[in-house]
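Hi,

Here's the structure I promised to pass on.

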Amino acid sequence: MERDLTLLIPEIIILLTVVFALVAEMLRLPRIALTVCIFGLLLATVQTLPMLGADTSVFGGTFRIDTLSVWAKLILLPATVLSLLLARAELAGTDREGTVYVLVCLVSLASVLLAGVGDTMVLVLGILLSGLGSFALVAYPRNDFATEAAMKFFVFASVTTSVMIFGLSYWFGGSGSTLLSELSRLESSPSVAVIGLMAVIIGLGYKASLVPFHFWAPDAYEGAPVSIAAYLSVVPKIGAILAFAQVVRDIPMITNWPLIIAVVAVLTMTYGYLAALVQRNVVRLLAYSSVAQAGYFLLGVVAVGASPLALQSLIVFSAAYAAMNLGAFAMVMLIGRTIETFKGVGREKPLLAVAMVIFLLSLVGIPPLAGFVGKFLLFGAAIEAGFLWLTVVAILNSVLSLAVYLRIMVPMYQQSSRNGELSTTESTPFITTVWIIALLFTIGIGVSAQLLLGNIN
Amino acid sequence: MNLIAVAILAPLSATLLIMLLRKQPAGLALLGAAIGLFGSLGLLANTFNGLSEEIILPGLPGMPLRLVATPLTALLSTLVAVVCTLVMVYAVGYMKNDKEKVRFFATLLLFAAAMQTLVLAGDWILLLSAWELIGLSSYLLIGFWYRKPGVKSAATRAFLVTRSADLGLYVAVFILIANAGSSDIATTLNTSGGPAIAAGILLLVAAMGKSAQTPLHDWLQRAMAGPTPVSALLHSATLVAAGAILLIRTAPMLPPETLLVIGIVGGVTTVVTGLIALGESDLKRMLAASTSSQYGLMLIAVGAGVPMAALLHLIAHAAIKSSLFLGAGVFQHSRDSTMLKQLQGVGRNHPKIFFGFALAALALAGIPPLSGFFSKDAIIAAALSSDHIVVLLPFALAGTLLTGGYMARALQILWQKNGTSQPVSGLAWMGAGLGGLVLLAVILGAAFPGLEALLEPVLNIRLTESNITQFIPEILGLSAALGGLLLGWFIPVKRLLGPLLPWTNRGFAIAGGFDNLMVRPALAIAHRCEKLERFLYESVLATGRLGLKLGQLVRRNDDQGIDGFIFSFVRGTINLGAKARTLQSGLIHKELAISTVASALLLVFMFITLLVY
C-alpha cells in the first residue's frame, strides 16, 4: 500500500492541487487558484522525473507506471500549464474564472489516468472524469453557441460511453476479470473479444475524436474559448490515444485489431484533412486538423507490440503535437479566428507570421521540425509492423495536409485587405510566453530527437 | 604562409575587393596578379629544391579536395601567373578609355584564380569545378562587349561548344574514380586496360573542346569578339591550354591506342586550322586559327608519347601567342579594325611594336635561336621517334610549314604599303606588357634544358631518343619553317598583284604554279573546311532546334495532360471536402446515426476479418 501510494505521488499532488485551487476559487481569489494550479502541476511533473524507466503497476495491476504513463505525465502536465496561461490571458476577469483552472486540472488528472490505464474500470473512470470536466469547460462562455456545443458534446459522450460500458461487460463476462492483463483469456472466444474491442474503439474514439466519432469536436472547439479548444485538442486527446495503446497491448491477436485500427486511421486522416480543406474558420480548420493528426497517432498504436519503435514514436509525436498545436492555437488567439484576419499579417507582424508558419509546417511534417521527427518515427513503426500501405496513405495525406495549412500560410503574406492596424488581441505576456515556449519545443524536438529517443528507452 | 593559397587567393581576393570597392580596378588587379605571381614563383623555386606542397580540403566523404604543387603543376602555375600579370599590365593601357573597367578586371582575375585552381588541382573533383569555372568566366570575358552585334552569340557559342565537349570530362572522371576508388589524380593514373582507353578518349573529347581541335575549332575564332587582352590571355596560355594540360597530366596513363587517336586529331587540326589561318582576312581570327594549329602540334607530341615536347611548346607558345595578340591589340587601336586590309602598313606607324610582333612571329615559325625553334624541334623529334612516324611526321612538318606561311603573310601585309593611323593612348602600358612577353618568347628556349631536367622524373619520358641523329629534327624543322616563311612572304605579293594582271599571263610560272597548286587549293580547302564547319554548326543548331521542338511538345503535353490531370484531381479533392462538410450538418441525431451506422459497418468488418483469418 505504501509503495503504491509513493508511486502515485504525482497524481495525488494533482488531486490536492485541485482541492486547494477550489478553495481559493471559493474565496474568489482566481490568481491564487491559477498560481496553485501551475505550481501543483509543475511539482507533479518534477515528482514524476525519478520514475523514468520504471515498469510496474499499482493496486493489483489496475494502474500502470510504465514508459507510456510516465512520459504522458512529463508531456501532458507542462502542456496543461501552457493551456492555463492561455486561459488566463483569454478569460481573466470573467465570472468564476477559477473554476476553469480547477476543471482543467481535473481533466488533466483524468488524461494522465487514461495514459496509465490497466483496468477497464479505470478506463471508464478516466473517460467519465475527463468528459465531465470538458463539458463544463466548453459551456463556460454561457452563450448560445457554447451551450449548444456543450450539449452536443454531452449527448455524444453519453451515447458513446454507455455503448462502451455495455461492450466492456462482454470482456468481463469472457475473462472473468476487469484487468486488461487478463484479456489473453479471450483467446478462445474471439467474437467476445471483438465486441469489446468495438466498445473501446467507440469510447476512446469519441475521446480522441477519431472518425466517425468526431462530430462533436469542431462544434465544441468553435463554441469554447480558444484557449479551451487548444487544451481539449491536446491533453485529453493524447491521454485517450495513449490509453488506446495501453489497451491494445493485451488484446489477443486473433481479433486482428491492428487491421481494424489501421482502417480507422485511414478514415480519420483522410476525412479530417478533406473536411479541413474547405473550412473558413481557422478554429474549425485546426479542429479538423487535430482530428486528422489523431489518425497519425494511430499509426503508432497499430504498431504496438510489433515494433519497438511504436512507444517511442507515440511519445515523441505526443510531445511534438502538444508543442505545435498549442503554438498554432496561441497564434489564433493573437491574430483572429477567420482566415480573413490572417491576411497581411506577414507584413504587419512578421515575427508572429514566421512563428505561425513554423507551427503549420511542423504540423505538415516538414524537416527539421518536431512534426517531421514524430511522423517519421510513426511511419517507421508502422512499416516495421508490416503496414506499408498504411504508411503510404499517411504520406499521401501529408501532401493533402500541406494544402490545408497553406490556406492559412498564403493569406499571411498577401496584401492586407483591411485598412489600418491589425485588430489583434492585446498581446499579453502570457500568450507570448506560451508561443515562444511552443516554438522552442517545435524546433528543439525536431533538432534533438536523437537525445529524446535515447532517454525514452 | 602557404604558397598554393597565395597563388589562388591573391587574384580571387583582388576580384572581391574590386567588386566591393568599385575603385582603382586596374591597380588592384595588378596588385592581385603580382602577389599571385610571387606565390607561383615561390612554388616553382620550392619544387626546384625538391619540396612539394599539398593542401587537403574537406570534400566528399573519402574524396578530399586536394591542391598539389609538383614540379609540373608549379611550372604551369607560374606560366599562368606570368602571362596573367603581363597581360594585366597591357590591359591597363588597352582598357584606358573603357567605362566598365571594374567588371573587366574583376572577371579577368576570377578567370586567373580559376585557372590557377585548375592547374594546381590534385583531385578530379576540384579540377572539374575549376574546369567549369574557367568555362563560365571565359564566357563572361568573351561576351564582355555584349552590346556589340555578334558578341553575345560568339560568347554563347564558345560556351556551348566547350560545354558539350566537357561532358567527356565528366564521364571520364566518373570512369576513373569508379575504377580507382579515389578521386586523387595521381592514384587514378594507375588505371590501365579498357577503362584507360575509354577514359583517354573521353578526356581527348574534353580537350578537343577546350583546345579548339578540329572539328570543334570554330568557336575559338569567333571568340575573338572579346577584348584583345582577353584573347591574349584566354586563347594562348590559359583557357585553350587547359585541354592540352589535361592530356599532358594524364599522359602516363594513356594507352597506345588512345595516343594514336590523339596524334591523328592533333595532326588533322594542325593542317586544317593552318590552312584556315592562311586564308583568313582578319588578323585576330588568323591568330586564333593559328592557336588551334599550334595546339594540334602539341597533341601530335602527346600522341607520339613525348608529353614533354608538348609541354615545352605549350610554354613557348604561351609567351609567343600572347605577344602576337598584344601586338595585334595595338594595331587594332591604331586602325580601329582587325581586318588585314585595314591594317596594311600599320607596322610602319608603330615600328617598335611591329619589331616585337615580328620577333614573336619568327619565334612561332621556329627560327633559331628563338624559343619556338627549340619546342618545334622537340615536337618533330618526338614525331621521328614515334612508332607512327609515317602518320605523325608529315602532319608535324605540314603544320610547321603552314605556320611559316601565315606568319610571313601577316608580317608582309602589316609592313608593306602605307596607311594612316590614329594616335593610340595607353601605349606605354601596352608596350611594357608586350615587351615583357616578347622577351620571354625570345629567351625561353634557354630555359628548356633546365625544365626538362626538372620535369623528367615527373613525366618520366626522355625527350630525345638516342637512335636519332642529332641534327635531323633541326634540319627538317628549320627547312619547313623557312620554306613556309618564304612562301608566305612571296605568294601573297603575287596575289595582291593578281587582280591587276591575271597571274596566268605573267612570267612567274613557278610562283604562279605554286599559287595555282597550293594557294588556290589551300584556299578552296579552307573554304571547304569553313563550309564543313558551317555544316557542322548547322547540324549542331539543328539538333538544338530539334531539342527545343521536343521541349515544346513535352510542355504542351504537360499543360494538357499532366497539369490537366492535377487540376481535375485538385478540383475533385475540393469537391470531396465540400461533401465531407455537408456530412457535418450540425444536427446531432443525424450525426449520431452516422456514427452508429459506421460503427455497425466496422463491427461487420471485424467479424469478416475474424472469419477470413
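This is a predicted model: local features need pLDDT of at least 70, side-chain atom pairs count only at pLDDT 80 or more; totals for chains, interfaces and linings use all residues.

Let's start in chain A with the helix pair. H2 (residues 9–26) and H5 (residues 97–115) of chain A pack with their axes 9 Å apart, at an angle of about 165 degrees. Anything over 145 degrees counts as roughly antiparallel, so that is what H2(A) and H5(A) are to each other. The crossing of H2(A) past H5(A) is left-handed. On the H2(A) side, the residues that meet H5(A) include Ile14(A), Leu15(A), Val18(A) and Leu22(A). Their counterparts in H5(A) include Val102(A), Cys105(A), Leu106(A) and Leu109(A).

Next, Thr45(A), which sits in helix H3 (residues 30–48) of chain A. Thr45(A) has 12% relative accessibility, and buried means under 20%, so Thr45(A) counts as buried. A polar atom of the Thr45(A) side chain lies 2.7 Å from the backbone oxygen of Leu41(A). Leaving out residues up to four places away in sequence, Thr45(A) touches Leu74(A), Leu77(A) and Pro78(A).

Over in chain B, take a look at helix H16 (residues 351–365). H16(B) has 15 residues and reaches 20 Å from its first C-alpha to its last, close to the 21 Å expected at 1.5 Å a residue. Its buried residues include Phe354(B), Gly356(B), Phe357(B), Ala361(B) and Leu364(B). Just after H16(B) comes Gly366(B), with a positive phi of about 100 degrees.

Cheers

Key: Residues are numbered from 1 along each chain as its sequence is written. Chains are lettered from A and ligands numbered from 1 in the order in which they are written. Side-chain values use heavy atoms; hydrogens and water are left out. Helices (H or I, at least four residues) and strands (E, at least two) are DSSP runs, numbered from the N terminus. Buried means under 20% relative accessible area, exposed over 50%, partly exposed in between (1.4 Å probe, protein chains only). A polar contact is a pair of N or O atoms within 3.5 Å; within protein, one must be able to donate a hydrogen and the other to accept it, and residues adjacent in sequence count only if both atoms are side-chain atoms. Contact means heavy atoms within 4.5 Å. The expected span of a helix is 1.5 Å times one less than its number of residues. Axes are lines fitted to C-alpha atoms, for helices over the stretch in contact, and angles run from 0 to 180 degrees between N-to-C directions. Angles under 35 degrees count as roughly parallel, over 145 as roughly antiparallel, 65 to 115 as roughly perpendicular and the rest as oblique. A crossing is left-handed if the near helix is turned anticlockwise from the far one by less than a right angle, and right-handed if clockwise.
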